[in-house]
Amino acid sequence: MANHNNEIHSAHTQTKDSGDVSRKLPDYLFTIVFLLTLVLSCIAVLSERQHQINDAKRDVSITIRLLQDHISDLQHDEAWRPIFSKDKQHIINVMDHIRTELNCRLYIVDENSTLLFKDSLLGPFGSDNGQQLTLIPALRNAIESVIINGGTATYKESSGTHLISSLPLSPRATLIGDAQLPAWYTAFSYSFFITLIIGTIGAIVVRYVIQKNSRLWRRQSLAQSIIDPLTSLPNRRGFELLSKQVLSCPEQRSKGLYLVVANINNLHGMNTQYGLDAGDTLIRQVAASIRHYLPKEDILCRWSGDEFLALVRSRELNTIDTFCRNISSTINKQDFILSGERVPLSIKIADHKLSADEQLSSAIVKLIDKLRNTKHAV
Ligand SMILES: Nc1nc2c(ncn2[C@@H]2O[C@H](COP(=O)(O)OP(=O)(O)OP(=O)(O)O)[C@@H](O)[C@H]2O)c(=O)[nH]1
């Protein structure tokens, strides 16, 4: 019986543990999917930002080439200083046009980063022709970098970040293309919001589906853990759960509660003679017969291989005796047919009246003892 109690306890704990896990599973998955969504959204933003930078690089490179076409025959003085006198206005017009069309400014600096030539607006940081850009550290570093290393560099102005690239026009003159990058938050674009919305909806759907399925699974696994698959009667654990409510009701106790146990005689012999499937059929048939005899509100379970236990309510002792005798004599008289052959089958039965505060476990021990001492059908 101690073993039995341990079994019940561990079945309880296992179902409780797996229940906890399955309850938390939707939350875990929701969090995982949502975090994945955030990561994908961040990747979308970074990739959008990279596109913006690539676009700006391409625009700067195009504008530099465009202007180069217009000033390919740039004149120099003997010190290789560029002379702009002849086509000055034409170049300014081209620069203005490029600025308005491609949103990219062009200016020419010398080897000391002095602004030599610009469009009709003021230069970067409000600078003017002849002004040394080295006085503006942020810009100087970027210009030096593109002149020395080529490629592109960035600098920050109050209006935002600028990307510049250079093209040497002569040993003393370098053409700078300067485009303002869109503000960083413009990278939170269409793809970011779409990813975020789809991901969030996906996470909610996943949570809902898993929650629904795990509720169903919990219900099924609880049912499986308390029902005997052969007879569809409650098993030991099911009996304990179902009887708990009845046993805890003082009114029921005072009206009288009985435990009745029935055991199939010589099932071992039947199994040997007719096979295990036939034995299963006999178990099912006996279970159905006892169930048929018991009122609906009484609890019947398959206690062990060939034993059935019932919690029977409110019957006087002489009535319960008659009741037990009726069940056993009905089953004993019943025809059990296996493979067209009539099988003699009998059960033995015993009952025990629960006293007012008697524990189920100790009552069962007494009852099983009583059954073992019952040699024949009642
Ligand atoms: N076919 C079948 N046999 C089972 C099942 N569960 C237990 N048994 C068998 O039932 C038999 C029970 O053995 P015992 O406790 O000796 O019972 P018995 O042979 O009916 O003998 P008595 O009860 O003393 O008359 C064993 O041979 C088990 O293998 C089952 O689900 N199906």
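Predicted model: local features only at pLDDT ≥ 70, side-chain atom pairs only at ≥ 80, totals over all residues.
Helices and strands are DSSP runs, numbered from the N terminus, with at least four residues (H or I) for a helix and at least two (E) for a strand. Asparagine 103 is exposed, because its relative accessibility is 56% and the exposed class starts over 50%.

A positive phi also occurs at serine 113, near 60 degrees, again in a residue other than glycine. Serine 113 sits in the loop between β3 and β4 (115-118). Its relative accessible area is 3%, so serine 113 is buried. Strand β3 itself contains leucine 106. Leucine 106 is buried, with a relative accessible area of 1%. In sequence, leucine 106 and aspartate 178 are 72 residues apart. In space, their C-alpha atoms are 6.0 Å apart.

Charged pairs were examined next. Side chains of opposite charge can pair when their charged atoms come close. The whole structure holds 14 salt bridges. One of them joins arginine 99 to aspartate 119, with the closest N and O atoms 2.9 Å apart. Arginine 99 belongs to helix α2, and aspartate 119 to the loop between β4 and α3 (137-149), so the pair ties together parts 20 residues apart in sequence. Both arginine 99 and aspartate 119 are buried.

A second bridge links glutamate 307 and arginine 372, where the closest N and O atoms are 3.0 Å apart. Glutamate 307 lies in strand β10 (residues 307-313) and arginine 372 in helix α10 (residues 360-373), so this pair ties together parts 65 residues apart in sequence. Glutamate 307 is buried at 4% relative accessibility, whereas arginine 372 is partly exposed at 45%. Salt bridges with shared partners also join Asp96, Arg99, Arg105 and Asp119 into one network. Elsewhere, arginine 58 and aspartate 59 meet through their side chains in a salt bridge of 3.4 Å, N to O. Arginine 58 is partly exposed, with 45% relative accessibility.

The ligand site was then described. The ligand is surrounded by 15 residues, and the closest are Asn266, Leu267, His268, Asp280 and Arg302. At least two shell residues come from each of β8 (257-264), α7 (267-274) and α8 (276-293). Helix α8 gives the largest share, four residues. An N or O atom in the side chain of arginine 302 is 2.7 Å from a ligand oxygen. For asparagine 263, an N or O side-chain atom is 3.0 Å from an oxygen of the ligand. Asparagine 271 places a polar side-chain atom 2.9 Å from a ligand nitrogen. On its own, the ligand has 660 Å² of accessible area, of which the protein covers 59%.

Two spans, residues 28-47 and 187-210, carry the annotation "transmembrane region" in an unreviewed UniProt entry. Residues 28-47 are 100% helix and 0% strand, with end C-alpha atoms 28 Å apart. Residues 187-210 are 88% helix and 0% strand, and their end C-alpha atoms lie 34 Å apart. A nonpolar surface patch of about 950 Å² is formed by Trp184, Tyr185, Phe188, Phe193, Ile197, Ile201, Val205, Tyr208 and Val209. Tryptophan 184 lies in the loop between β7 (173-180) and α4 (190-226). Tryptophan 184 is exposed, at a relative accessible area of 57%.

Conventions. Residues numbered from 1 in each chain as written. Heavy atoms only, no water. UniProt positions renumbered as here; feature names shortened; annotations may be inferred. Patch = residues over 30% accessible without salt bridge, like charges linked within 9 Å, V, L, I, M, F, W, Y side chains within 5 Å. Areas by Shrake-Rupley, 256 points an atom, 1.4 Å probe, with all protein chains shown as cover. Salt bridge = Lys/Arg side-chain N within 4 Å of Asp/Glu carboxyl O. Buried < 20%, exposed > 50% of the residue type's maximum accessible area, 1.4 Å probe, protein only. Near = heavy atom within 4 Å. Polar contact = N/O pair within 3.5 Å; in protein donor to acceptor, adjacent residues only side chain to side chain.
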